[in-house]
Amino acid sequence: MTTVPHLRTEIPGPRSRELHAQREAAVASGFGITLPVFIERAGTSTLEDVDGNTLIDLASGIAVTSVGAANPVVRAEVAAQLDRFTHTCFMVTEYEGFVRVAEWLNEHTPGDFDKRTALFSTGAEAVENAVKIARAHTGRPAVLVIDEAYHGRSLLTMAMTAKEHPYKTGFGPFPEAVVRAPNANPLRGQGADAALAEIERLIAEHGPEHFAALVVEPIQGEGGFVVPAPGFLPGLRRITDAYGIVLVVDEIQSGLGRTGMLFASAHEGVAGDITLTAKALGGGLPLSAVTGRADIMDAAHPGGLGGTYAGNPLACAAALAVFEVLDDPGLLPGVTGIERSIRRHLEPLVDELAVVAEVRGRGAMMAVEFADPGTLAPRPDLAQRVAAACHAAGVIALTCGTHGNVIRLLPPLVIEEAVLEAGLDILTASIRTVVAEEAAA
């Protein structure tokens, strides 16, 4: 393997800058960009741009290309389906791939009960359809969501999302009947018992008969890769059971092997009434799923669910290939190894550098938060400068968090050890350099 990253030009290079100028003249400016680099081809855990630079991918397309952006199994299955047909619309005429994907999800999502699955195209669609199904099942209107949550960019999912900018600014008014509850964030001193008590109070204040669903990410994504305090998810399970509320577990970013288990909720031994998947599910093609208890899922009347592109046959073929990769017995232990490597590089910085507040996460869903010592005031400026330094050195790293003060790491689950080590060396050096510059300023 060629040593990576391998840079022939500055980042972005001249051809990427040229194409980016064309993009600005053609594409709506509402599409943001992390790194204005145009990609020509991909490897297992690297991306080669149009200027011949080979970059280390620690983003996986925001957890989409979890089995790699050019996985040979995915490419072969999609190519074979492409030779047969590209689309018929499952609501018009059926095809086997849709059924096979549903069967796998019914078998593998948490919960020892009879399940049904509905396929869609995007994560936001999955969230919205889960709410529709929960409302049909319960006859209730409202949705309880967790502070710092992110659930999508459609009107309902924007209402459910906590972060105002850039996701919600100027796009209201939003749907009502969304109630926000506290998260159990250990770094911020929010324990499970206090958060659960406040959720109980909110339910009592509005009336249990008001709530159709409680939607929760088992590890928050855009909110900052926050792993909830122990006992929080089981507590939500107890509360929803007590009041007949549908527990919807949003595994769109955290699911399908990302945390070292097939589903992040399994770390807490919790099964949602409905589990949502997307991102990694389609191996780079648009696909999402709502999987849940058969009696709940079948509450929606025939014709009440669907979508022209829902469960597209090419995306289903890609998902079946992703399942084949996930079924490799060595994959999930390898993800645990990714976590060990990340912690080995980053955890010493917590004691070394006062502004490194915490290293957290599970498996290949890890983060480092920057905040002022003592006050824990967020430092998004440091996170942005660290990300920029990584980009300039050929490592794709993303920021996240309600305040943008977190660097999140989402390497492909199949990343080679040498590539991961090289990327982490650059990240660690970038953090030290940025903090040293801050101290000298």
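Reader: Which residues touch the most other members in the largest nonpolar core?

Author: Leu326, Leu346, Phe370, Ile407, Leu427 and Ile431, out of 64 residues in that core. Helix H10 (residues 313–326) supplies the largest share, with 10 residues. Bear in mind that this is a predicted model, where local features need pLDDT of at least 70, side-chain atom pairs count only at pLDDT 80 or more, and totals for chains, interfaces and linings use all residues. Residues are numbered from 1 along each chain as its sequence is written, and side-chain values use heavy atoms, with hydrogens and water left out.

Reader: What makes a set of residues a nonpolar core?

Author: The members are buried Ala, Val, Leu, Ile, Met, Phe, Trp, Tyr and Cys residues, joined through side-chain atoms within 4.5 Å. A second, separate core has 26 residues, including Ala118, Val127, Ala130 and Val246.

Reader: And which residues is leucine 427 in contact with, leaving aside neighbours within four places in sequence?

Author: Leu346, Val386, Cys390, Ile407 and Leu409. Contact here means heavy atoms within 4.5 Å.

Reader: What makes strand S5 (residues 142–146) mostly covered?

Author: In S5, 5 of its 5 residues are buried. Buried means under 20% relative accessible area (exposed is over 50%, partly exposed in between, with a 1.4 Å probe and protein chains only). One side of S5 has Ala142, Leu144 and Ile146, the other has Val143 and Val145, and both faces are covered.

Reader: Why are S5 and S7 (residues 211–216) called a pair?

Author: Two strands pair if DSSP finds at least two bridges between them, and S5 and S7 have 4, in the parallel sense, so they qualify. Alanine 142 stands opposite phenylalanine 211 in S7. S5 also pairs with strand S6 (residues 178–181), again parallel and over 4 bridges, and there leucine 144 stands opposite valine 179. The helices (H or I, at least four residues) and strands (E, at least two) are DSSP runs, numbered from the N terminus.

Reader: Why do cysteine 89 and cysteine 400 count as buried?

Author: Cysteine 89 has a relative accessible area of 8% and cysteine 400 is at 1%, so both fall under the buried cut-off.
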